[in-house]
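I opened this entry to keep a record of what I looked up, in the order I looked it up.

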Amino acid sequence: MFGNTKRLVAVAGMVAVAVTASAAPAAADFALGPEELVQAGGSAVAVPGYSVPSFAFWNGDALPDLIVGEGGSGFAGKVRVYLNEGQPAAPQFSSFSYAQSLGVHLVCTAEGCLGCFPRVVYWDADALKDLLVGQSDGTVRVFRNVGSDQAPTFDAGTLLEVGPAGVKAPIDVGSRATTSTVDWNNDGKKDLVSGDLDAKIHVFINEGTDAAPDFLSEMVLSDGGSDLMVPGSRSSPVILDLDGDGRKDLLSGNTDGQLLLYSNAGTDAAPVFSDYVLVEADGTPIDLADWPRSRPFVCDWTGDGYLDVLIGAGDGNVHLFQGVPEPATLALLAAGGLFVLRRRGPARRPR
């Protein structure tokens, strides 16, 4: 979805790498504009319980679709699918359907502030998209596609396990599993990363193959000699190179509705995180109202090359913050007519 995060500048037909001067040790590779609410059928998307959005290809029409987990606070955990009826540069949605499991609505364990935390993945080698779902009780389930890639429908789901052969047990991060896949150590295989209620970040390295993952142990990210704890608790991580230095960074939501960016001080294959900056939108730190439990997803919403952020929250809405050029980029555009792809300035929020 995101492509290469290297920034390119085209000058009079010539292509060169754009160099960003950084005034701070950590720099956000994306600047965000004002908050919007994603619409469907002329009104804001609103799901029962807590929303968990993502933007993924669902029905094979080359337009990414809006996938939203729902539930918690007394509501059942389900997964909504809003098919994109717009254009690549202008997503548009009307009605929704629920993801299906064995002919009925797919349902996951829901309690407290989380229903389903869904991510579209290709889990095995059958070239059919599957659903990875973090659950409120801390477990993680993969629902395998028993339909087609263009019309997914899923089995009853299987709890993912961790541990050596013969003594495996279900993955359990405690509660509020906010789980997704990433190639953590650059070995070409999908690994798991998950947040939890208690603010930690859990990593499960795949010791099997990409098509048949096998998780032997669990690692909790550390900050010096102690566990890395996301302020405000209820960590919800996204792992992606966000500052354009070729190393994966950590973006996390929290209980308070903020976004925290941890730049990678290690290598791309062995990330190290410590200090963070609060992510801003339109010049102000993102801080959703009340106690929203921000759950972010990074995408390119309009195909313009800028990284955008969808955030799920306790109001059931899908909050959208679109990427915009930094002032330095606008100055270059005004001065020289430059075309800039993913040119981002340094984050100005102090640590």
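How many residues lie between β19 and β20 in their hairpin, and which residue in the turn has a positive phi? I found 5 residues between the two strands, and the residue with positive phi is Ala 199, at about 85 degrees.

Notes on the source. I am working from a predicted model, in which local features need pLDDT of at least 70 and side-chain atom pairs count only at pLDDT 80 or more, while totals for chains, interfaces and linings use all residues. Residues are numbered from 1 along each chain as its sequence is written, and side-chain values use heavy atoms, with hydrogens and water left out.

Entry 1: strand β19 and its partners.
I take helices (H or I, at least four residues) and strands (E, at least two) as DSSP runs, numbered from the N terminus. Two strands count as paired if DSSP finds at least two bridges between them. On one side, β18 (residues 178-182) pairs with β19 in the antiparallel sense over 5 bridges. Within that pairing, I noted Ser 194 of β19 as the bridge partner of Thr 179.

I then checked burial, using relative accessible area: buried is under 20%, exposed is over 50%, and partly exposed is in between (1.4 Å probe, protein chains only). In β19 (residues 191-195), 5 of the 5 residues are buried. In a regular strand the side chains alternate between the two faces of the sheet. For β19 I listed Asp 191, Val 193 and Gly 195 on one side, with Leu 192 and Ser 194 on the other, and both faces are covered.

Entry 2: nonpolar cores.
A nonpolar core is a set of buried Ala, Val, Leu, Ile, Met, Phe, Trp, Tyr and Cys residues joined through side-chain atoms within 4.5 Å. The largest has 18 residues, and Leu 251, Ile 286 and Val 298 have the most contacts inside it. The elements that give two or more residues to this core are β24, β26 and β31 (308-312). Apart from it lies another core of 16 residues, including Val 193 and Ala 199 as well as Leu 228 and Val 230.

Entry 3: Asp 214.
Where is Asp 214 found? I located Asp 214 in the loop between β20 and β21 (219-220). Its relative accessible area is 26%, so I logged Asp 214 as partly exposed. Contact means heavy atoms within 4.5 Å. Leaving aside neighbours within four places in sequence, Asp 214 is in contact with Lys 168, Ile 205, Asn 206, Glu 207 and Gly 208. I also looked up Leu 160, which is 54 residues from Asp 214 in sequence and 9.1 Å away in space, C-alpha to C-alpha.

Entry 4: salt bridges.
I count a salt bridge when a side-chain nitrogen of Lys or Arg is within 4 Å of a carboxyl oxygen of Asp or Glu. By this rule the count is 10. Side chains of opposite charge can pair when their charged atoms come close.

Lys 168 and Asp 214 meet in a salt bridge at 2.7 Å, N to O. The pair links distant parts of the chain, 46 residues apart, with Lys 168 in the loop between β16 (161-162) and β17 (169-170). Lys 168 has 28% relative accessibility and so counts as partly exposed.

Lys 248 and Asp 268 form another salt bridge, with the closest N and O atoms 3.4 Å apart. Lys 248 is in the loop between β24 (236-240) and β25 (249-253), and Asp 268 is in the loop between β26 (259-262) and β27 (277-278), 20 residues apart. Is Lys 248 buried or exposed? At a relative accessible area of 7%, Lys 248 is buried, whereas Asp 268 is partly exposed at 22%.

Ser 73 is not a glycine, yet has a positive phi of about 55 degrees. I found Ser 73 in the loop between β7 (65-72) and β8 (75-82), partly exposed at 46%. Ala 127 has phi near 60 degrees, also positive in a residue other than glycine. Ala 127 lies in the loop between β12 and β13 and counts as exposed at 54% relative accessibility.
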